[in-house]
Amino acid sequence: MRYEGDIYRPPGEWKSYLLQCTVGCSNNTCTYCGMYKDKNFHIRPMKDILEDIQMAKVYYGGAKKRVFLCDGDAIVMKQEDLISILDHLYAAFPQLEKVSTYAGPRSTLTKSTAELKELCQHGLKRAYLGVETGSDAVLKAVHKGVTAEEMLEAGERLREAGIDLWIMVLIGLAGRGEASREHILATADMINKMKPRHVSAMTLQLVPGTPMYDDWKAGRFEPLAPVEMLEETKLLLENIHYGPIHFTSDHASNYLPLKGTIPDDTAQMVAAIDSALAGDTPMRPEWMRGL
């Protein structure tokens, strides 16, 4: 297997064979994100991708059950190429159960629901969509590249195609002030309308070299304090009414690990936040947080 630059994957894909189909992210302008800055976006030649699959078959002995398509947005590829990759993967790994990928919202919108359904039928079973926020103003401020309406449409297309939709949202993305509450309430509304099966709430970290980090240093962006991050998480949980949703907030960036099912475990997770806010449950110290 051959890789170009740093490789990223969702935490849940730690057992997956990582197949690099695209290099970098097709958007790569988000002000908070420090990923993929070591490479220019391009799609790898199909010849190289198919060779890598055969190399992986030899290495794993055909026994791999999960594959994750890297980098940040494999769904941007031509439909026929993605189908060919999926078919080769399932032929190479007879025990393969699931192929997953990150899905960029703009790239997803270039494909119809019928095309996404075709990918699902060929074995693309899960897509991770970086929603980050349901707020139009925040999406524009962080250069996400889509409106809230477009983000919702992308998520709905993936779900309607039968793909297991896992979305990520970012606590603290709007910074301090009135925008904080609007960010969270709009995000909860987005989740209620999009109806994903999984939601991961991660917490903003300011990464050196990013525009948001520079804004913080220049006094143009004021990040939330840890307790305010927890208050945002609580507000989010209290306003998600759709379910069942597998909810996780146990990423290394989070100050308080949370995991449960909405709505069954909502009260329990809110109580855990209240305990931390009261000082009865310790929060993760800053030096232990990671991306």
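**Entry 1, aromatic rings.** I searched for aromatic pairs and got nine in the structure. Tyr17 and Tyr60 form a tilted pair, with 5.7 Å between the centres and 55° between the planes. This pair joins distant parts of the chain: Tyr17 sits in strand E1 (residues 17-20) and Tyr60 in helix H1 (residues 46-60), 43 residues apart. For the terms, I count the rings of Phe, Tyr and Trp (its six-membered ring) as a pair if their centres lie within 6.5 Å, and I call planes under 30 degrees apart stacked, those over 60 edge-to-face and the rest tilted. Helices (H or I, at least four residues) and strands (E, at least two) are DSSP runs, numbered from the N terminus.

I am reading a predicted model, in which local features need pLDDT of at least 70 and side-chain atom pairs count only at pLDDT 80 or more, while totals for chains, interfaces and linings use all residues. Residues are numbered from 1 along each chain as its sequence is written, and side-chain values use heavy atoms, with hydrogens and water left out.

Tyr59 is exposed, because its relative accessible area is 61%. My cut-offs are under 20% relative accessible area for buried and over 50% for exposed, with partly exposed in between (1.4 Å probe, protein chains only). Together with Phe93, the residues Tyr17, Tyr59 and Tyr60 make up one aromatic cluster.

A pocket is an open set of points on a 1 Å grid over the protein atoms alone, with protein on both sides within 12 Å along at least five of seven lines; a cavity is a set of points where a 1.4 Å probe fits but cannot get out, and lining residues have an atom within 4 Å of a point. Points are joined across faces, edges and corners, and a volume is the space filled by probe spheres set on them. The largest pocket comes to about 1200 Å³. Its lining has 48 residues, and nearest its centre are Met35, Tyr102, Glu132, Met168 and Met202. Among the elements that each give at least two lining residues I noted strand E6 (124-132), strand E7 (164-171) and helix H3 (105-108). I sorted the lining into 22 nonpolar, 19 polar and seven charged residues. In this sorting Ala, Val, Leu, Ile, Met, Phe, Trp, Tyr, Cys and Pro are nonpolar, Asp, Glu, Lys and Arg are charged, and the others, Gly among them, are polar.

Where is Lys144 found? I located Lys144 in the loop between helix H5 (136-141) and helix H6 (148-160). Its relative accessibility is 10%, so Lys144 counts as buried.

I found one cavity of 30 Å³ or more in the whole structure. The largest cavity has about 40 Å³ of space, and among its lining residues are Thr203, Met229 and Tyr255. Helix H9 (residues 226-239) gives the most to this lining, with three residues. The cavity lining has five nonpolar, four polar and no charged residues.

I placed Asp274 in helix H10 (residues 266-277). It is partly exposed, because its relative accessible area is 33%. Its side chain has a polar contact of 2.8 Å with the side chain of Lys234.

Technical notes: A polar contact is a pair of N or O atoms within 3.5 Å; within protein, one must be able to donate a hydrogen and the other to accept it, and residues adjacent in sequence count only if both atoms are side-chain atoms.
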